[in-house]
Amino acid sequence: FLYTIYNIYFIRENDCMVTLKDIAQETGLSASTVSIVLKGNGNARKISQDTQKKVLSTAKRLGYKPNIQ
């Protein structure tokens, strides 16, 4: 079972899914902000570089792996 948003799949290292909500809770940001950053639209939406780095490092630490189909 995979969680999908915008046709992007979020999977945890041990085959459990990582959701936007998981990353949002870890970073203290909204799921919307996390989604924007993970889609690569952070600069266009004027999200600070620090916030983008926070989201991306947290996603990496949690084992986020995009699986676009």
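Leu56 is located in helix α3, where helices are DSSP runs of H or I with at least four residues, numbered from the N terminus. The model is a predicted one, in which local features need pLDDT of at least 70, side-chain atom pairs count only at pLDDT 80 or more, and totals for chains, interfaces and linings use all residues. Residues are numbered from 1 along each chain as its sequence is written, and side-chain values use heavy atoms, with hydrogens and water left out.

With a relative accessible area of 46%, Leu56 is partly exposed, because this class lies between buried (under 20%) and exposed (over 50%), for a 1.4 Å probe and protein chains only. Apart from neighbours within four places in sequence, Leu56 is in contact with Val37 and Leu38; contact means heavy atoms within 4.5 Å. Leu38 is 18 residues from Leu56 in sequence, and their C-alpha atoms are 7.2 Å apart in space.

Helix α2 (residues 31–38) and helix α3 (residues 49–62) meet at an angle of about 85°, and their axes are 10 Å apart. Axes are lines fitted to C-alpha atoms over the stretch in contact, and angles run from 0 to 180 degrees between N-to-C directions. The angle therefore makes α2 roughly perpendicular to α3, a term that covers 65 to 115 degrees. From α2, the contact is made by Thr33, Val34, Val37 and Leu38, and from α3 by Thr51, Gln52, Val55, Leu56 and Ala59.

Within α2, the buried residues are Val34, Ser35, Ile36, Val37 and Leu38. Just after α2, Gly40 adopts a positive phi of about 85°.

Notes: Helix = DSSP H or I, 4+ residues; strand = E, 2+ residues; numbered from the N terminus. Parallel < 35°, antiparallel > 145°, perpendicular 65-115°, else oblique.
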